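This briefing goes through selected local features of a structure, grouped by topic. The sequence and structure come first.

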Amino acid sequence: MSDNKKISAAPSWLGLSEDRERYLFIPERAEVVRRIFELAIGGMGSYAIANYLDEKKVPTFTQSETWDHTTIDYMLRNRATYGEYQPKSFADGHKKGIPNGPPVPNHYPAVIDRNTYETAQVARRQNLANRGRKGNELANIFAGLTTCAYCGNEVVLHHVTNIQVLACEQVLNGGGCSRTAWTYRDFEITLLAFLAHPALAERLQGEQKDKLIKLIDKIVVSTNQERSYAVRVDIAVLLKEIVTKIVVHFAGDVSTPRLPSAQISKDVRGRYFEIRLWDGRLDKCLSIS
Ligand SMILES: [Zn+2]
């Protein structure tokens with residue numbers, strides 16, 4: 001800034017030099033922003049990310065004690081994260097300003113690259129489309145990975161008399177598909193136990209193997225009841241990196257569509273899932289009960 005223009009404000013993750021002429025890169029904050037983008041790309045919504053940072057006791061960039069989802073949202077949509085500056089006009093009483101002139105690249109010190117930013121935008125759109133806006137985003141750590149074996153539709157979380165179950169979306173929309181469901185807890189325990197088997201790690205290579213071992217550690221050190229929100233976030237993010245697809249056979253190999261009015265039966269004998277891991281192999285895992 002050779003023209004000695006004073007900067008009035010910097011994005012929250014950057015600092016300002018004492019003479020207010022330069023932006024300062026703050027490594028610890030940059031690291032937090034990178035983590036936020038990583039979590040968003042892993043499928044976490046802004047509420048989930050805020051809870052996660054609070055649980056990990058990551059200090060906010062302001063006086064606030066806790067992270068707010070709107071701050072996270074704003075950050076994830078802010079092109080200043082990769083250095084771009086958009087000049088704005090505040091004429092005619094525009095409070096937020098309207099774009100005025102082309103964006104200026106490399107105006108701010110970048111804390112992420114552009115590719116990371118764009119990847120996060122895609123993940124955010126999917127996340128907003130697939131899930132409710134608030135809460136319980138982590139009730140189902142397999143969201144986006146599971147499909148129905150009989151019709152190929154997505155498998156989603158649903159409540160049957162206060163019990164969380166996974167069921168085919170088609171069934172919940174009143175369409176014709178197998179009216180069977182899998183109790184969520186039973187499904188989670190079965191699937192994580194399968195992934196925690198030592199033989200599995202032998203199959204994967206390099207980074208994927210490291211990620212699976214990290215995942216196994218997370219699964220093993222925490223029993224189901226104790227699993228904290230942050231641990232569930234970690235598991236969900238790792239799952240998305242190791243697992244490419246889970247096909248759920250709610251009623252085993254034989255299932256016939258029943259009338260939309262028929263009751264949804266839970267935990268049918270012979271139910272199993274097929275899971276495709278990063279190495280492309282498909283495994284079959286039967287439920288224990
Ligand atoms: Zn189905």
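In this predicted model, Cys151 has a relative accessibility of 30% and so counts as partly exposed. Cys177 has a relative accessibility of 3% and therefore counts as buried. Both residues belong to a zinc site.

**Zinc site**
- The zinc ion is coordinated at 2.3 Å by the SG atoms of Cys148, Cys151, Cys168 and Cys177.
- Cys151 and Cys177 link distant parts of the chain, 26 residues apart. Cys151 sits in the loop between strand S5 (146-148) and strand S6 (155-160), and Cys177 in the loop between helix H5 (169-172) and strand S8 (180-183).
- Along the chain, the spacing of the donors is C-x2-C-x16-C-x8-C.
- The arrangement is tetrahedral because the angles subtended by the four donor atoms run from 96 to 119°, and the cut-off requires all angles to lie between 85 and 135 degrees.

**Helix H1**
- Helix H1 (residues 27-41) has 15 residues, which should span 21 Å at 1.5 Å a residue; its end C-alpha atoms are 21 Å apart, in agreement.
- Its buried residues are Ala30, Val32, Val33, Ile36, Phe37, Leu39 and Ala40.
- Gly43 follows H1 and has a positive phi, near 105°.

- Most residues other than glycine have a negative phi.
- Arg20 has a positive phi, near 55°. Arg20 lies in the loop between strand S1 (14-16) and strand S2 (23-25), and is partly exposed at 37% relative accessibility.
- Lys57 also has a positive phi, near 55°. Lys57 is in the loop between helix H2 (46-55) and helix H3 (69-76), and is exposed, with a relative accessible area of 71%.

Terms used:
Residues numbered from 1 in each chain as written. Predicted model: local features only at pLDDT ≥ 70, side-chain atom pairs only at ≥ 80, totals over all residues. Heavy atoms only, no water. Helix = DSSP H or I, 4+ residues; strand = E, 2+ residues; numbered from the N terminus. Buried < 20%, exposed > 50% of the residue type's maximum accessible area, 1.4 Å probe, protein only. Expected span 1.5 Å × (residues − 1). Donors = N, O, S within 2.8 Å, 3.2 Å for Na, K, Ca; no water. Tetrahedral: all angles 85-135°; square planar, octahedral: opposite > 155°, others 65-115°.
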